[in-house]
Amino acid sequence: MTRSKARGYHHGDLREALVTAGRKLVEEKGIRGFTLRECARRAEVSHAAPAHHFASMDDLLAELVRRGFAELTAAMTTESERAAAEEPAARLVGLGVGYMAFAAANPTLFQLMFSREANHIEPKEGDEGAESIRRLLAAILDDVIGDAADEVRQQAADLAWATMHGFITLVLEGEIGRRDSSKVLKARGLATLAAMAETVARLARP
């Protein structure tokens, strides 16, 4: 048995090695350049070895998406908690900062998470996926707009998420900030989030 085949069955942590390789590959090559065979090569195992943990390429992509949403939620929570002592609107801005920072650091994974391919991924028990974002928004909106009517709360949630997602998506596609320095682009993002939070707060006013 060759060395590569041996490692295909005796890798110390094959599942994590494949996830790590897959994460790097999807950012470098995108979905069209993503194959289990290439993930196996990068993990230094035989091309058949991934089958012990991932039955297909879609299974590995599904794992990347699940982890992506967990990391996105964590980033949003961290940034929101930084503003815990400030006004509720500042915590809403913090959610957006975490959202955009994750997307900027993981652009291809971020796009995959909200792609048609991801919509077909069956969630595992306990996984929330995009629902985790709705949960975070709902919790912050409880403080920002209080006992507003359900229709107003839905408008606020839609506006908040659309602003976060729309701005960073346009940045990633080069439609916003193409000629800006990172400092200027960050300032534009913060200004947009602040305007969103102010608008959300106004929705609950008579």
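Which residues are linked in a network of salt bridges? They are R15, E16, E63, R66 and R67. A salt bridge here is a side-chain nitrogen of Lys or Arg within 4 Å of a carboxyl oxygen of Asp or Glu.

Before going on, some ground rules. This is a predicted model, in which local features need pLDDT of at least 70 and side-chain atom pairs count only at pLDDT 80 or more, while totals for chains, interfaces and linings use all residues. Residues are numbered from 1 along each chain as its sequence is written, and side-chain values use heavy atoms, with hydrogens and water left out.

Helices (H or I, at least four residues) and strands (E, at least two) are DSSP runs, numbered from the N terminus. Buried means under 20% relative accessible area, exposed means over 50%, and partly exposed is in between, with a 1.4 Å probe and protein chains only.

Back to the charges. Side chains of opposite charge can pair when their charged atoms come close. Searching the whole structure gives 14 salt bridges. An α-helix has 3.6 residues a turn, so residues three or four places apart point the same way. E63 is buried because its relative accessible area is 8%.

Another salt bridge joins E71 and R23, whose closest N and O atoms are 2.7 Å apart. This pair links distant parts of the chain, since E71 is in helix α4 (residues 57–82) and R23 in helix α2 (residues 14–29), 48 residues apart. With 33% relative accessibility, E71 counts as partly exposed.

D143 and R91 also meet through their side chains in a salt bridge, 2.7 Å from N to O. D143 is in helix α8 (residues 131–144) and R91 in helix α5 (residues 88–105), so the pair ties together parts that are 52 residues apart in sequence.

A139 lies in helix α8 and is partly exposed, at 44% relative accessibility. From A139 to L92 is 47 residues in sequence and 9.7 Å in space, C-alpha to C-alpha.

Next, helix α5 itself. How many of its 18 residues are buried? The count is 13, so α5 is largely enclosed by the rest of the structure. Its expected span is 1.5 Å times one less than its number of residues. For α5 that gives 26 Å, and its end C-alpha atoms are 26 Å apart, which agrees.

Now the nonpolar core, meaning a set of buried Ala, Val, Leu, Ile, Met, Phe, Trp, Tyr and Cys residues joined through side-chain atoms within 4.5 Å. The largest one has 56 residues, and L92, Y99 and M164 have the most contacts inside it. Two or more residues come from each of α2, α3 (36–42), α4, α5, α6, α8, α9 (150–172) and α10 (182–203). The largest share, nine residues, is that of α9.

Contact means heavy atoms within 4.5 Å. Leaving aside neighbours within four places in sequence, the contacts of Y99 include L72, M76, I133, M164, H165 and I168.

On aromatic pairs: rings of Phe, Tyr and Trp (its six-membered ring) pair if their centres lie within 6.5 Å, with planes under 30 degrees apart counted as stacked, over 60 as edge-to-face and the rest as tilted. The structure holds five such pairs. Y99 and F114 form a tilted one, 6.4 Å centre to centre and with 45° between the planes. Y99 is in helix α5 and F114 in the loop between α6 and α7, 15 residues apart. F114 is partly exposed at 27% relative accessibility. Ring pairs join F69, Y99, F110, F114 and W161 into a cluster.

One last residue. Most residues other than glycine have a negative phi, and most peptide bonds are trans. E44 is not a glycine, yet its phi is positive, about 60°. E44 is placed in the loop between α3 and α4 and is partly exposed, at 46% relative accessibility.
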